[in-house]
Structures are given as C-alpha cells and as structure tokens.
Amino acid sequence: MKQIILALVTTLAIAPAALAHSKAETTTPANESTVEKVEVIELRFDDPMRVTAITLTGPDGDVEIMRETGLDPVTEFRAMPSAIMPAGVYSVDWRGLSADGHPMQGTFGFTVAD
Amino acid sequence: MEGLAPIDGWALAAIIAKAAGYAAALVAMGGPLFLAAFRSAPDDVLRLARKLAVIAALIGLAVLALRFGIRAARISGMGPSGAIDAMMLSFVWDSPLGTAAIWRGAGALLIVAVLIEGTIGIVASLLGALLIATSYAFVGHSLGDPRWILAVLVVTHLLAAAFWVGALAPLHRSAANKDGAALLHRFGIIASGTVAVLVVVGVSFAWLMIGSFSGLFGTAYGWTLIVKICVVTGLLGLAAKNKLQLVPALAANKDDADGRLRRSIRMEVVAVALILLATATLTSITTPPVNL
C-alpha cells in the first residue's frame, strides 16, 4: 500500500501544473473595431490554448486563412488571410482545448473600411 | 452572466454525459467501499453491491468513450463527424482527459475484481476505487491552485460521496429484508462521519474556487453552486429523516416502515441525480470566480 501511495504522490507531483481555464483572450483586430486592412489575425491567451478550429467569415462568405502557429498549444495564436480582404463586416469563430482540458470557443468581429 | 461559456447542443450533451459518468464512477467506487464496511451483510445485499459496482464500472468506460467523442466534436467545429476525427480525438487524448482516462480505465478494470470473494477481491477493487477518485484530480478545476490541496479535497470528496451513493441500492434492498434495520442503523452511524467529511471538503473546495461572497452571488459558477447546495440540503434532510425516524421505525417493526424507507431512499437517488447534473454543469460551462 505504501508503494501505491508513493506512486500516486509522485505522479501528482510531476504532473504539469496548469491553471483551470485560460482567461479571456484579447484579439487582433480587436473585437468590434474598424480597421483599414488586416495583415494578421491574433488571439492571445493567459495559458496555452490549442486552437483546434478557426474560421474567418466575411461579406462574401468564408475567407481562407493560413495558420502561422500550427496546432500546438500557444499563448499567442497567429493566422494570416491568404488574400486582401475587401471592405465589409467580418467575424472570427474559433474552438480550442485549454490547458486543463476544457473545450473552449469564442467569436469576435470587426469591420474592414476603405 | 459572468463566467458562463456558450451553451449549445454539444455542451448540453457533454453535461449529461459527464453527469452519467459521475453516477457510474460513484456507484462503481461505492460497491467496494460498501463491501469493505459491511462484510457481514446478507448475501443477497452483498451480491447486489458487487453486481452494481461491476455494471457501473463498465458503463463508466462506455460513457468515457462517449465523452471523448463529444469533446472531439466540440473542439472540431465540424459537428458529429468531429466525434470520430482521428486528429481531434488525439488532441483529447493528449489533454488532461486522456491522463484521467488511463487512471479511470485502470480503476474500472480493478473494480471488476470485486467479483472475487475474499480479501484479494476487496483490496483490488478498493484500489480501483482509489484510482478512479484520483483520476478526477488530473482534470478540470482541480488543476487550479493550490494544486495539492485541491487534489486531496476532490479525491476525499469523491470517496465520501461514493460511500453514500454506492450504498443506496444495497440499503434499498436491505430495507425489504427481515433484520435489515441493523445494517441500516450501522450505515447511519458510519455515514454521519463520512457525510460530515463530504460536506467539509466540498465547502473547502468551493471556497478555494470562489474566494469571496461576491464571487458566490455574482457569477454563473456561484449560482450553479447555490442550486447544488440547495439540493444537497434537501438530500441531507432526507438522510436525517431516514436515520432519526424511518430506520428506528423499521427496527420497531412499525406498519409500512419498510415501504416508507424504500420510498425515501428512491427520493435520495433522484436528489443525487440532480446534484450530479448541477455538478456537471458547474465543471463544464462555468469558470471558477478565482479565474475570472
């Protein structure tokens, strides 16, 4: 029994510390902002987040974006639109898995003006 | 409301599956605990405890697989097809739920050893119960700070809850048995200690998650916790009535005492189901106020 308790204690001790939930993210462009052009879509988290899905939707439907940060957990997620985005209202919808295993999701929107 | 995640069909499915997983885990862990505490109980009661523990352990494994699928679908944004997407499932496996699944799976298999009569069966299945309880320390809000204290609190809370929940069906059977009152009386004595532990560690965990009275009344986490506390209070009332009125009435062979006690135990089961749903809501779609 002592060995079992020791094994439990050791496993708990070496497991990586992780905060419950990543706190609310900040984004680029900022939510509800108006910008002239979009060079990058950024999401910033307090704790590493594995962004598993992200879509950018504009006036003409889905806009293709290229991930720069891949699928590893990151505190700063970056993706670039693959073409110049025409003026209009856009929204970003993302899904992810936080460090404590919670499925997370969020949406933010912005306007591109000439 | 502050600290409330978006709720869609998948989130609701996740809550229901998680509550079912809690129920299965508690009944599976509770079987060996019951057998260890009441080794001299009548054979039919012990058989029921063993059978339910094994069935619950197997259901728990199935629910765990279902939860993997639901979680993969949620993070994929692809709908139902995401539930069987290999990459999304591998992300879930790499997450704390994967670590918890290994402990919970090993625990469930050890619980099956409860079918072996004698000390080996009891010890192996008790170890299984400990593994299942510990699996919950690897995931979710118990990963917050102070990590060690939260882990000890959640494991203790689950074992104490399992002792109660796992005993409900055997006690229900026992209430119909001739001479069942002695076992029920003994359970009442032990439970008055374990329930006190259950409540104290539960309140301690909640306080570490909330940190202030404004956190209790101003957040989704706080309000969900208040709902849980209300149902728990009702459950404690039922338990007190059983211990102080209905079990003594059964011992005194009063008319319909067994029927009233069995009805009361069935009501306890309903209350437990509500508590598990509230807990699954708390741990799925709300953020602890200390993290806001």
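Biologist: Which residue of S8(A) is the bridge partner of Gly88(A)?
Modeller: This is a predicted model. Strand S7 (residues 88-98) of chain A and strand S8 (residues 103-112) of chain A run antiparallel, joined by 10 bridges. In S8(A), the partner of Gly88(A) is Val112(A).

Biologist: Which residue takes a positive phi in the hairpin of S7(A) and S8(A)?
Modeller: Four residues lie between the two strands of this hairpin. The positive phi there is near 95°, and the residue is Gly101(A).

Biologist: What is the bridge partner of Met49(A) in S7(A)?
Modeller: S7(A) also pairs with strand S3 (residues 41-58) of chain A. That pairing is antiparallel, over eight bridges. In S7(A), Met49(A) is bridged to Ser98(A).

Biologist: Where is confidence lowest in chain A?
Modeller: The mean pLDDT of chain A is 81, with 78% of its residues at 70 or more. Over residues 1-22 of chain A the pLDDT is below 50, though this stretch has 34 contacts in the model beyond near neighbours in sequence. Strand S2 (residues 33-35) of chain A has the highest mean, at 95. The lowest mean, 43, belongs to helix H1 (residues 2-14) of chain A.

Biologist: Now chain B. How far apart are the end C-alpha atoms of H6(B)?
Modeller: Helix H6 of chain B covers residues 147-176, which makes 30 residues. At 1.5 Å a residue, the helix should span 44 Å. The model agrees, with its end C-alpha atoms apart by 45 Å.

Biologist: Where in H6(B) does a kink lie?
Modeller: The kink is of about 40°. It comes shortly before the proline Pro170(B), at Leu168(B).

Biologist: How many residues of H6(B) are buried?
Modeller: The rest of the structure largely encloses H6(B).

Biologist: Is Ala133(B) buried or exposed?
Modeller: Ala133(B) lies in helix H5 of chain B. Leaving aside neighbours within four places in sequence, its contacts are Met29(B), Val155(B), Leu158(B) and Leu159(B). A residue needs 20 or more C-beta neighbours within 10 Å to count as buried. Ala133(B) has 24 inside 10 Å, so it is buried.

Biologist: What separates the C-alpha atoms of Ala133(B) and Arg104(B)?
Modeller: Along the chain, these two are 29 residues apart. In the model, their C-alpha atoms are separated by 7.9 Å.

Conventions. Residues numbered from 1 in each chain as written. Chains lettered and ligands numbered in written order. Predicted model: local features only at pLDDT ≥ 70, side-chain atom pairs only at ≥ 80, totals over all residues. Expected span 1.5 Å × (residues − 1). Bend = angle between axes of the 7 residues up to and from the residue. Buried ≥ 20, exposed ≤ 12 C-beta atoms within 10 Å, placed from the backbone. Contact = placed C-beta atoms within 7 Å. pLDDT = per-residue confidence, 0-100. Pairing = 2+ DSSP bridges.
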